[in-house]
Amino acid sequence: MDDLIVEFIAETTENLSVLDQELVRFEKAPDDKHILSNIFRMLHTIKGTCGFLGLPRLEKVAHAGEDVLGKFRDGVLAPSPESVTLVLKCIDRIRAIVDSLATTSVEGDGDDGELIAQLRATADGETPPAAGAAQAGASPSAPSAAGPTLSDEGFPVAAELLEEVARSQGAVLTVVAPSAPAAKADAADLAKSDLAKSEAHAPESRPADGAAKDKAASQTIRVSVDVLENLMTLVSEMVLTRNQLLQLIRSSEDSVFKEPVERLSRTTSELQEGVMKTRMQPIGNAWSKLPRIVRDLANELGKKINLEMHGEETELDRQVLELIQDPLTHMVRNSADHGLERPEERAVAGKQEAGTIRLSAFHEGGHVIIEIADNGRGLDTEKIRVKAIERGLATQEELDGMSDDQVNQFIMRAGFSTAQAVTKVSGRGVGMDVVRSNIEKIGGTIEFRSTFGAGSTFSIKIPLTLAIISSLIVQSGEQRFALPQIAVNEVVRVSERSEHKIESLNGTPVLRLRENILPLANLSELLRINRGSRSWQPGANTFEGYVVVCRNGSQVMGVIVDAIVASEEIVVKPLSGILGGATYFSGNTILGDGKVILILDLNGLFSSISADAEKMQPEDTFADAVEPTGESVLLFRTLAAGVKAVPLSRVHRIESFDMAKAETAQGETVVQYRDRLLPLLSLDGEGGVRQDGRQIALVFGSNDAAVGLVIQSIVDIVQADLVLQKASRMPGVAGSGIVAGHAVDIVDAGYFVERGTSDLMLEPYGAAA
Amino acid sequence: MTVITNHAVRSTAHTGGTEQLVTFGVGGQIFGLSALRVRDVLRQQPLTPIPLAKPEIAGAINLRGHIVPAIDMRARLWKDGAGTSERKMCVVVEKDGEPYCLIVDSVGDVLTVELANIESAPSSLPPEWAGVTRGLYRMGERLLLLIDEEALLKI
């Protein structure tokens, strides 16, 4: 494509987004001559340049729009919502044509006759009764064209735009060019050759109005992003080399290099800062489309919405900026559609008719925090509960045990929407999960709080830049790895003697941390790093090392490492495709000492945990009596006196059931559990199972053949050798032994599985496994 | 250890009909690589192993601030691994603008060979070699296999 056209597209795209904002402002302050003349000038510039470059379709549309604005400016025509909408439509059309120009190099073949006629009619003041009604009718009656919709990818785009692009592309493909495009091409060629000769620059050859741009504009130049990226890489290298030099100098006293190296060091730091700055852009750039979107939404949904923006000047890396643009837009739409109520509902609730969406951004310790708050209805937790069951995301039992906050988190799951009806704006269930994954992709996190009736606040925390991240350098065996610091919650030292030690649940390591059982990923095992006896192994209690507690969204897990080396700022570089093993690595980098190290990918580590969860199924040696082992033992109480014990490995899950929902089948108490009937049994001699309130039960067996043993309370989980001291005559009890200095009855889980499953006429446990 | 004989390196002004080859030895065999593709020849650099990567991936090296994947040519050419040698060299080649480091036993001279003298490789070559060679050159007593870089780097 011609350079001039490329420049024109870039510039026009920028101008168009400013136009959107300015028009929305203008609508609110129709008397502000400054805004109006600014709008007029920008549209005029577009028109002028089009004529010059030989883009007749664009020129006509821009011209018609300019006419209307001219009438506004001259005071002949008073701006009304209808006429502003019309001008906005004109801007949309221009944008669509420019997009087509960018993708296919031609203007496309759409018919602008109707739009131009409407614009002319408005400009000619035929507005009031007749045309005004027609226009008023035109905007709501053509919502399928004007309204935003969702593309397959999940983020909303203007339907009109899609349609336009589709149409223009279709036209290019199917219509054998009539004379007009040919003439156009000629004109473009002509323009091209003329320009090539004079090497004219677009800014200089713009019409006089355009030249009167802000002074600031003339002091900026366009630099290709590639150049900046390359500069950034080079500077990063320089910083690393500088660090190496500094290390060398420190070790040698009175070096002649000392002073020059220090000077070099200072300059390098400043250079790094400067280059970083070139990549920084105010977040306002990502917000610039929002006023227009909110205005259109408010009109369409019949709501009154104020959009407040605070901290537009907060800067962040342009790469990050691009990546958060879509999620942000989506969330603002969500707030407008789901969050805010209609004026009448608001009035009933005693609120101001106009709802407010407040965007704010600020820096906080190397991160940018963006908040999207609305004073709407908040999340309806009850509705979410119902929906969660409907969608099969959770069972009633699971939900009963959850706090409202936990329940609210379901909106972040795929396919979840609480919108009553699927509107054009939202409610298709493609939403917050996409938002969350997009934000997590760039190392950010998203949190939200909501008060029913008072509104919701979403808070996004993202790194300032993706180029340099702070990381924790950990060691496993001989090898070091980097873990992104943003994901690290805490580091726990584990050893045989310390408060925390790694326990094994059926061979899978877990850590008990403040009442929670944390799943662990064993780095050396995952990455098959051979490091001999030091490595953590199930049963071996000699391991000394660290568990790095990481979080990924709402999940938390620990990573077992040998040592914590340092905390270091690193420059992320993509992994070469040939290296493979990319499941667990998100990139690599060079440390200050010149060594290459790999950056661990948390998504990969987390998926390894869920794969491991499969392994957590109990072994198939259930019928065996309890044998002496050194393992985790669950201590609990039942109705009868005394503490009971069972090896933790035999316990599939610990559940709490609502006994009001229990039923009776063949004289046994059963509950519905994961689409199956789970017989609830009690120890012999303790009578039946109670029929009300909540009941804790240990689930033995597998999903296919499970039984629940009702208990009163969990006492503890301890590490012990279960040695039978005294055999038992009681069925279901293998015998008695000593655990932690107390006599306990050791429960035979296999007995209950057999009893429960034979009653239910299932296949014997061995076959089911 | 392979010692590459000092063979005729003529600085020919006319390059029509000739090709320049960087020669290197791996496990007793001499190979040649188009000199146009070679960016650097270095001593063995500190290697960072890549867990879970294919066996022929020796790791990654830091080449003046660029992270370059390193391919162990012994593992690449002898699937069962032919041991490792003490003195190792790195030949950095370029494919699609990306550098790759080949770890070889030794690096020899740069040869200028007449294209006409390059024969096609015999069909009796073991399959793992046949896939990565594009010809054969008689170098006095010894035979030199020409490496097809594109095929070699498809791992």
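Predicted model: local features only at pLDDT ≥ 70, side-chain atom pairs only at ≥ 80, totals over all residues.
1. Helices 1 and 2 of chain A. Helix 1 of chain A spans residues 3–28 and helix 2 of chain A spans residues 33–53; their axes come within 10 Å and cross at roughly 155°. Angles over 145 degrees count as roughly antiparallel, and helix 1 of chain A is therefore roughly antiparallel to helix 2 of chain A. The crossing of helix 1 of chain A with helix 2 of chain A is left-handed.

2. Residues between helices 1 and 2 of chain A. On the side of helix 1 of chain A, the residues that meet helix 2 of chain A include Leu4(A), Phe8(A), Leu19(A) and Phe26(A). Among their counterparts in helix 2 of chain A are Ile35(A), Met42(A), Ile46(A) and Leu53(A). Sorted by class, this contact holds 16 nonpolar, four polar and two charged residues.

3. Helices 16 and 17 of chain A. A second pair consists of helix 16 (residues 290–301) of chain A and helix 17 (residues 318–339) of chain A, whose axes cross at roughly 25° and come within 10 Å. Angles under 35 degrees count as roughly parallel, so helix 16 of chain A and helix 17 of chain A are described as roughly parallel to each other. Their crossing is right-handed. Helix 16 of chain A contributes Leu290(A), Ile293(A), Val294(A), Leu297(A) and Leu301(A) to the contact, while helix 17 of chain A contributes Thr329(A), Val332(A), Arg333(A), Ala336(A) and Asp337(A). The contact comprises seven nonpolar, one polar and two charged residues.

4. The five-stranded sheet of chain A. Five strands of chain A, in the order 4-6-7-9-8, form an open sheet with mixed pairing. Strand 4 (305–310) and strand 8 (445–451) of chain A are the edge strands, each of them pairing on one side only. On average, and with direction ignored, neighbouring strands of this sheet are turned by 15° against each other.

5. Pairing and packing at this sheet. Strand 7 (residues 367–374) and strand 9 (residues 455–463) of chain A run antiparallel and are joined by eight bridges; Asp374(A) stands opposite Ser456(A) of strand 9 of chain A. Helix 16 of chain A packs on the sheet, where it touches strand 4 and strand 6 (355–364) of chain A. The direction of helix 16 of chain A makes about 165° with that of strand 4 of chain A. Helix 22 (residues 432–441) of chain A also packs on the sheet, touching strand 8 and strand 9 of chain A, and its direction makes about 140° with that of strand 8 of chain A.

6. Strand 14 (residues 508–513) and strand 15 (residues 516–522) of chain A run antiparallel, with four bridges joining them. Val510(A) has Pro519(A) of strand 15 of chain A as its bridge partner. The hairpin of these strands has two residues between the strands, and Arg514(A) takes a positive phi near 45° there. Strand 15 of chain A is also joined by three bridges to strand 17 (residues 555–561) of chain A, and these two run parallel; Ala521(A) has Val559(A) as its bridge partner in strand 17 of chain A.

7. The interface of chains A and B. In this interface, 20 residues of chain B are in contact with 21 residues of chain A. The two chains bury about 1600 Å² between them, with 72% of it on carbon and sulfur atoms. Pro51(B), Leu52(B) and Ile67(B) supply 39% of the area that chain B buries against chain A, more than any other three residues.

Technical notes. Residues numbered from 1 in each chain as written. Chains lettered and ligands numbered in written order. Heavy atoms only, no water. Axes fitted to C-alpha atoms, helices over the stretch in contact; angles between N-to-C directions. Parallel < 35°, antiparallel > 145°, perpendicular 65-115°, else oblique. Left-handed = near helix turned anticlockwise from the far one by under 90°. Contact = heavy atoms within 4.5 Å. Nonpolar A, V, L, I, M, F, W, Y, C, P; charged D, E, K, R; others polar. Pairing = 2+ DSSP bridges. Buried area = accessible area lost by both parts, 1.4 Å probe.
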